[in-house]
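Hi,

Here is the structure I promised to pass on.

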Amino acid sequence: LREIDRRTMTLYDFTILPKYRGQNFSKKALHKVYNICLEEGKKRLTLDVKKNNIIGYNLYMQEGFRGY
C-alpha cells in the first residue's frame, strides 16, 4: 500500500497464501485496506493487478472497482 498523493493510495502485490484461498480472506483484507484509506482521509484507492491475474481482477470487479 503506497500513498500516491494526498487523495490516493495504491495497493500493490496483494496476495493471499494458497492455503488461505477460498475462505473470503481476500475480500476481508481488501475491505480492511479500503477502510484504512478512508481513515487516512483518502478519496481513492487504486489497485495494481497483472493482466494474467484473472482471479484478482475478477475480485476487484466484484467488489465495485473499475478497470481502466
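Let's start with glutamate 63, which counts as partly exposed because its relative accessibility is 24% (buried means under 20% relative accessible area, exposed over 50%, and partly exposed in between, with a 1.4 Å probe and protein chains only). Before going further, note that this is a predicted model, where local features need pLDDT of at least 70 and side-chain atom pairs count only at pLDDT 80 or more, while totals for chains, interfaces and linings use all residues. Residues are numbered from 1 along each chain as its sequence is written, and side-chain values use heavy atoms, with hydrogens and water left out.

So what does glutamate 63 form a salt bridge with? The partner is lysine 27, with the closest N and O atoms 3.9 Å apart. (A salt bridge here is a side-chain nitrogen of Lys or Arg within 4 Å of a carboxyl oxygen of Asp or Glu.) This pair links distant parts of the chain, with lysine 27 in helix H1 and glutamate 63 in the segment after H2, 36 residues apart. Helices (H or I, at least four residues) and strands (E, at least two) are DSSP runs, numbered from the N terminus. Lysine 27 is partly exposed too, at 30% relative accessibility.

The structure holds 2 salt bridges. Another one joins lysine 42 and glutamate 3, whose closest N and O atoms are 2.2 Å apart. Lysine 42 sits in the loop between H1 and E3 and glutamate 3 in strand E1, so the pair ties together parts that are 39 residues apart in sequence. Lysine 42 is buried, at 7% relative accessible area, whereas glutamate 3 is partly exposed at 48%.

Next, the inside. The largest nonpolar core has 10 residues: Met9, Leu11, Leu30, Val33, Cys37, Leu45, Leu47, Leu59, Tyr60 and Phe65. (That means a set of buried Ala, Val, Leu, Ile, Met, Phe, Trp, Tyr and Cys residues joined through side-chain atoms within 4.5 Å.) At least two residues of this core come from each of E2, H1, strand E3 (44-47) and helix H2 (54-62). H1 gives the largest share, 3 residues.

Patches are made of residues with over 30% relative accessible area and no salt bridge, joining like charges within 9 Å and nonpolar side chains (Val, Leu, Ile, Met, Phe, Trp, Tyr) within 5 Å. Areas come from the Shrake-Rupley method with a 1.4 Å probe, and for residues only the protein chains shown count as cover. A patch of positive charge gathers Arg6, Arg7, Lys43 and Arg44. For charges, Lys and Arg count as positive and Asp and Glu as negative, with His and the chain ends not counted; the place of a charge is NZ of Lys, CZ of Arg, CG of Asp or CD of Glu. Arginine 6 lies in the loop between strand E1 (2-5) and strand E2 (8-11), and counts as exposed because its relative accessibility is 71%.

Leu17, Tyr20 and Phe25 make a nonpolar surface patch of about 280 Å². Leucine 17 belongs to the loop between E2 and helix H1 (25-39) and is exposed, at 52%.

Finally, some backbone details in that loop. Aspartate 13, in the loop between E2 and H1, has a positive phi near 50° without being a glycine. Asparagine 24 also has a positive phi, of about 65°, and is not a glycine either.

Cheers
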